[in-house]
Amino acid sequence: MSAQCEFIEGCPIYRHFRAQAQHVFRELYCEGDFASCERRKLRLAGQPVPANLLPHGGTLWQNGEQPPPS
Ligand code: SF4
């Protein structure tokens, strides 16, 4: 089994993270327990992945709202 998620290159959630948050999520999920990532589960199931969905299942901003300015 690969040591990192197969979707790590270009995963769209990264564009919303600052460096520290990116590092934390990457270590915890993308290069760690990626099998539990809710974004990956949806993608593997061929379902749409909400832009605001975080790997642990939380949301980065409210559903129906725009993402915060970066
Ligand atoms: S956030 Fe999830 S889908 Fe994206 S690279 Fe990390 S483990 Fe893969």
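Helices here are DSSP runs of H or I with at least four residues, strands are E runs of at least two, and both are numbered from the N terminus. On that basis, the protein chain comes to two helices and zero strands. Its radius of gyration (taken over C-alpha atoms) is 12 Å, close to the 11 Å from the globule rule (2.2 Å times the number of residues to the power 0.38), so for 70 residues the chain is as compact as a globular protein of that length.

What you're looking at is a predicted model, so local features need pLDDT of at least 70 and side-chain atom pairs count only at pLDDT 80 or more, while totals for chains, interfaces and linings use all residues. Residues are numbered from 1 along each chain as its sequence is written.

**Overall build**
- Along its principal axes, the C-alpha trace of the protein chain spans about 35 × 30 × 20 Å.
- Contacts are pairs whose C-beta atoms, placed from the backbone, lie within 7 Å. Among those with a separation of 6 or more, 40% join residues 24 or more positions apart.

**The core**
- The largest nonpolar core has six residues: Cys5, Phe25, Tyr29, Cys30, Phe34 and Cys37. A core in this sense is a set of buried Ala, Val, Leu, Ile, Met, Phe, Trp, Tyr and Cys residues joined through C-beta atoms within 7 Å.
- Phe25 touches Phe17, Cys30 and Pro55, once you leave aside its neighbours within four places in sequence.

- Residues count here if their C-beta atom, placed from the backbone, lies within 6 Å of the molecule. That gives Cys5, Phe7, Ile8, Cys11, Ile13, Tyr29, Cys30, Phe34, Cys37, Arg39, Arg40 and Pro55.
- Helix 1 (19–30) and helix 2 (38–44) are the elements that give two or more residues to this shell.
- By class, the shell has ten nonpolar, no polar and two charged residues. For this tally, Ala, Val, Leu, Ile, Met, Phe, Trp, Tyr, Cys and Pro are nonpolar, Asp, Glu, Lys and Arg are charged, and the others, Gly among them, are polar.

**Two sides of helix 1**
- Phe25, Tyr29 and Cys30 are the buried residues of helix 1. They cover an arc of only 70° around the axis, so they sit on the same side of the helix; the arc is that of the directions from the helix axis to the C-beta atoms.
- An α-helix has 3.6 residues a turn, so residues three or four places apart point the same way.
- On the other side of helix 1, Ala19, Gln20, His23, Val24 and Glu27 are exposed.

**In-between residues**
- Arg26, in helix 1, is partly exposed, with 19 other C-beta atoms within 10 Å. Arg26 and Tyr14 are twelve residues apart in sequence and 9.1 Å apart in space, C-alpha to C-alpha.
- Gln22 is also in helix 1 and is partly exposed, with 15 other C-beta atoms within 10 Å. Neighbours within four places in sequence aside, Gln22 is in contact with Tyr14 and Phe17.
- Tyr14 lies in the segment before helix 1 and is partly exposed, with 14 other C-beta atoms within 10 Å.
- Pro50 lies in the segment after helix 2.

How values were computed: A residue is buried if 20 or more other C-beta atoms lie within 10 Å of its own, exposed if 12 or fewer, and partly exposed in between; C-beta atoms are placed from the backbone. Two residues are in contact if their C-beta atoms, placed from the backbone, lie within 7 Å.
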